[in-house]
Amino acid sequence: MTAFPSRIAIYLFILFVLPITAWAGGPLVVGGPAVGGRPRFGVDGKPFTWDPSKMPITYRVDPGPMAVNPSGTVVIDHNTGLQRVQNMFGVWHAVSTANISFTNAGALLPAGSYSGGDLKTLQQFNDVMGSCRSGAQSPVIFDADGKLMASLGLSTAVIGFNSGCALDASSGMIVTSSLTLNGQFQDKVQSSQANLELSQNSFDEAITHEIGHFLGLDHSQINLNVLLNLTSPCNPDDLAGLPLMFPVLLCQARKDAGLPILSHDELAWISKFYPNASTIQNFGTITGTIFFADGVSAAQGANVIARLVDDPSTPEDESRRVAVSAVSGYLFTGNPGQSVTSGVSANMSGNASGSRSPGFIGFYEMALPPGTYTVEIESIFPGFSAGSSVGPIDPPAQTVTVPEFWNTDESAFDFPLQRDFITVHAGEQIDDIDIIMNAPFTRFDQNEDSGRLLDTPVSLPLEPVGDVFA
């Protein structure tokens, strides 16, 4: 049994202009080969998922209340909280093109200092999480008054978080995972920045996002303009296409806007990870590689978006509503390791997650519902790092200096806004939708020195030289 890589998914939640931080397409963890004496980690180049042959996924729930107010009065009792949690899991279970299901196995199992009942203390939390890391249970924990979050040293603005627990490094399957919910956001009190309140729909959608991580999904970036040009309420076309797995929740609750909770991006990725018999009847696939301007060197870390071509006969803008994204090189490791400073950084072998196969460096693929699409590339927003990161490179490389579309005459000198259409049919795979970036012309590493000076001790002057410090 292998623990998840040390990455707690962080979900930054901004409701209109109110900043609220919370801990949290493509895969969250990808299998990698045996490297430098480290054993194989899952199946090389294959995302970690729950075992589809062992559905339903079993979870257990804290028997305490979901939320209490500062005086200790129960605001949301256990049964109500339990029903809401089951509804959140039900959002993912309802995807008709995915083989995924869940079952509530009952109350949390005893572990160490936790013998049952409402989980309240840090020691109880640590012991239950220990049982999660051992593969014994997948706990859903109610922090009814937010005090557990404070004991963990987290911000009072943390809504909830997913923490992956155990992976089967042989099969490449998720074994256990966890969710922790901050009931302070549902205590009907908003007295200060230290006690913020969310609507039920906004809170539940935030936790449904965390369930996406629970299932192995990473963050996605589509309709970035919503973040860069924030308005209230958000434009319904932009909100419809904005992934639930977007690192920042920016708008009114999707349910309040009359929209499905999952966007087309989540529907595509969860169906790709957990296909059923109907998946191939409802999705086609496009694949390609993103290249630097030399047309030879593959570029990792570009955000690739396929958008349905807008139908001018409808009032909606389908190009904003129906979109799926992938990060180039999403199956390749974000850190292959290096030998120059490995004696200092212990980074000879790099990250366990991700393939080392060169063919994956700039590769992307996306499942798409049938239709006619454009394909474009952009950089990942530089603020999406650490727990809010998108794709394997963290912090994100600003790979795409000139956003551009795919066209049939791809080159480093084409017009970036020239776009050609790609028609996708169910069950069809269209390959070689490659984009050659117009800039930068060389790979990033070609702009670096050899690193040879790092092997040579350098003596620094003890006193200022000349007027350097003047």
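First, the ground rules. This is a predicted model, where local features need pLDDT of at least 70, side-chain atom pairs count only at pLDDT 80 or more, and totals for chains, interfaces and linings use all residues. Residues are numbered from 1 along each chain as its sequence is written, and side-chain values use heavy atoms, with hydrogens and water left out.

Now strand 13. Strands here are DSSP runs of E with at least two residues, helices are runs of H or I with at least four, and both are numbered from the N terminus. Strand 13 covers residues 284–291. How many of its residues are buried? Eight of eight. Buried means under 20% relative accessible area; exposed means over 50%; partly exposed is in between, with a 1.4 Å probe and protein chains only.

Look at the two faces. In a regular strand, side chains alternate between the two faces of the sheet. In strand 13, Gly284, Ile286, Gly288 and Ile290 point one way. Thr285, Thr287, Thr289 and Phe291 point the other way. Both sets are buried.

Next, the partners. Two strands pair if DSSP finds at least two bridges between them. Strand 20 runs parallel to strand 13, over two bridges. There, Thr285 stands opposite Gln429. Strand 21 also pairs with strand 13 in the parallel sense, over two bridges. Phe291 has Ile436 as its bridge partner in strand 21.

Follow the chain out of the strand. Gln300 sits in the loop between strand 13 and strand 14. Is Gln300 buried or exposed? Buried, because its relative accessible area is 14%. Its side chain makes polar contacts, meaning pairs of N or O atoms within 3.5 Å; within protein, one must be able to donate a hydrogen and the other to accept it, and residues adjacent in sequence count only if both atoms are side-chain atoms. What does the Gln300 side chain reach at 3.0 Å? The backbone oxygen of Gly329. The backbone oxygen of Phe332 lies 3.2 Å from a polar atom of that Gln300 side chain. Leaving out residues up to four places away in sequence, Gln300 touches a list of residues including Ser328, Thr333, Ile361, Pro392 and Thr399.

On to charges. Side chains of opposite charge can pair when their charged atoms come close. My rule for a salt bridge: a side-chain nitrogen of Lys or Arg within 4 Å of a carboxyl oxygen of Asp or Glu. How many salt bridges does that rule give? Six.

One is Arg320 with Asp238, at 3.0 Å from N to O. This pair links distant parts of the chain: Arg320 is in helix 9, residues 318–321, and Asp238 is in helix 6, residues 236–241, 82 residues apart. Both Arg320 and Asp238 are buried.

Another is Glu376 with Arg307, with closest N and O atoms 3.1 Å apart. This pair also links distant parts of the chain: Glu376 lies in strand 17, residues 371–379, and Arg307 in strand 14, residues 302–308, 69 residues apart. Glu376 and Arg307 are buried.

Then Lys147 with Asp145, closest N and O atoms 4.0 Å apart. Lys147 is exposed, at 57% relative accessible area. Asp145 counts as partly exposed, at 29%.

Last topic: the backbone. Most residues other than glycine have a negative phi, and most peptide bonds are trans. Here are some exceptions.

Where are the cis bonds? The Ser232 to Pro233 peptide bond is cis, with omega near -5°. Pro233 is in the loop between helix 5 (225–228) and helix 6. A cis bond also joins Asp394 and Pro395, with omega about 0°. Pro395 is in the loop between strand 17 and strand 18 (404–405).

Now positive phi. Lys188 has phi near 65°. It is in the loop between strand 11 (173–182) and helix 4 (200–214). Lys188 is exposed, at 66% relative accessibility. Asp432 has a positive phi of about 65°. Asp432 is in the loop between strand 20 (429–430) and strand 21 (435–436). At 58% relative accessibility, Asp432 counts as exposed.

That is my tour. Over to you.

Technical notes: Contact means heavy atoms within 4.5 Å.
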